[in-house]
Amino acid sequence: MSADVVLPGDISNLGVGFDPLADSAGADEGNAGEDAVHIRVQQRNGRKSLTTVQGLKEKYDYNKVLKALKKEFCCNGTVVEDPELGKVIQLQGDQRKNVQDFLLGQKLVKKDQIKIHGF
């Protein structure tokens with residue numbers, strides 16, 4: 001029999017397959033890596049939501065960035081210290097697009113470093 005022909009009961013090629021999760025994880029680390037800034041939205045209750053910004057560089061003063069974000073978007077917010085994630089900025093409401101535009105406008109991060117998550 002030829003090696004090109006695969007019979008229905010033949011499972012010899014089972015070990016060589018395409019792992020979509022492994023390939024996509026490698027692609028994400030290739031262009032942004034640890035420098036990625038993650039902007040997420042979390043649903044609270046009803047129409048209320050919370051926007052979190054994680055992964056800004058430590059050289060930035062988080063309180064000054066938060067103050068500028070609050071003033072720009074007329075919302076409240078806080079800086080939360082997480083043992084695993086480090087400092088995380090939380091803002092009231094769905095501010096994903098606004099935060100992205102602000103970070104790009106102030107040149108705090110580059111376009112390819114921003115990852116937006118949520119609905």
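**Setting values against cut-offs**

Colleague: Why does Asp94 count as partly exposed?

Modeller: The relative accessibility of Asp94 is 39%. The label buried requires a value under 20% and the label exposed a value over 50%. Asp94 lies in between, and therefore counts as partly exposed. The model is a predicted one.

Colleague: What makes the contact between Asp94 and Arg96 a salt bridge?

Modeller: The side chains of Asp94 and Arg96 meet at 2.9 Å, N to O. The cut-off for such a nitrogen and a carboxyl oxygen is 4 Å, so the pair qualifies as a salt bridge. Arg96, at 15% relative accessibility, counts as buried, because the limit for that label is 20%.

Colleague: How many salt bridges does a search of the whole structure find?

Modeller: The search finds 2 salt bridges. Besides Asp94 with Arg96, the side chains of Lys97 and Asp101 meet at 3.6 Å, N to O. That distance is also within 4 Å, so the term applies here as well.

Colleague: How many aromatic pairs does the structure hold, and what makes Phe73 and Phe102 a pair of the edge-to-face kind?

Modeller: The structure holds 1 aromatic pair, formed by Phe73 and Phe102. Their rings are 6.2 Å apart, centre to centre, and this is within 6.5 Å, so they pair. The angle between the planes is 75 degrees, which is over 60, so the geometry is edge-to-face. Phe73 is in helix α2 (residues 62-73) and Phe102 in helix α3 (residues 96-105), so that the pair links distant parts of the chain, 29 residues apart. Both Phe73 and Phe102 are buried.

Colleague: How do you know that the count of disulfides comes to 0?

Modeller: The sulfur of Cys74 has its closest cysteine sulfur in Cys75, at 7.9 Å. A disulfide requires the two sulfur atoms to be within 2.5 Å, so this distance is too far for a bond. For Cys75 the closest cysteine sulfur is that of Cys74, again at 7.9 Å. The count is accordingly 0 disulfides.

Colleague: Are Cys74 and Cys75 buried or exposed?

Modeller: Cys74 has a relative accessible area of 72%, over the 50% limit, and is therefore exposed. Cys75, at 13%, is under the 20% limit and so counts as buried.

Colleague: Why does Val65 count as buried, and which residues is Val65 in contact with, leaving aside its neighbours within four places in sequence?

Modeller: Val65, in helix α2, has 10% relative accessibility, which is under 20%, so the label is buried. With those neighbours left aside, Val65 is in contact with Leu56, Tyr60, Ile89 and Leu108. One of these contacts joins Val65 to Ile89; the two are 24 residues apart in sequence and 8.9 Å apart in space, C-alpha to C-alpha.

Colleague: What are the secondary structure and the buried share of the chain?

Modeller: The chain has 3 helices and 5 strands, in the order α-β-β-α-β-β-α-β from the N terminus. Of its 119 residues, 28% count as buried. The chain exposes about 8,600 Å², and carbon and sulfur atoms supply 50% of it.

Technical notes
Residues numbered from 1 in each chain as written. Predicted model: local features only at pLDDT ≥ 70, side-chain atom pairs only at ≥ 80, totals over all residues. Heavy atoms only, no water. Phe/Tyr/Trp six-rings, centres within 6.5 Å; stacked < 30°, edge-to-face > 60°. Helix = DSSP H or I, 4+ residues; strand = E, 2+ residues; numbered from the N terminus. Buried < 20%, exposed > 50% of the residue type's maximum accessible area, 1.4 Å probe, protein only. Areas by Shrake-Rupley, 256 points an atom, 1.4 Å probe, with all protein chains shown as cover. Contact = heavy atoms within 4.5 Å.
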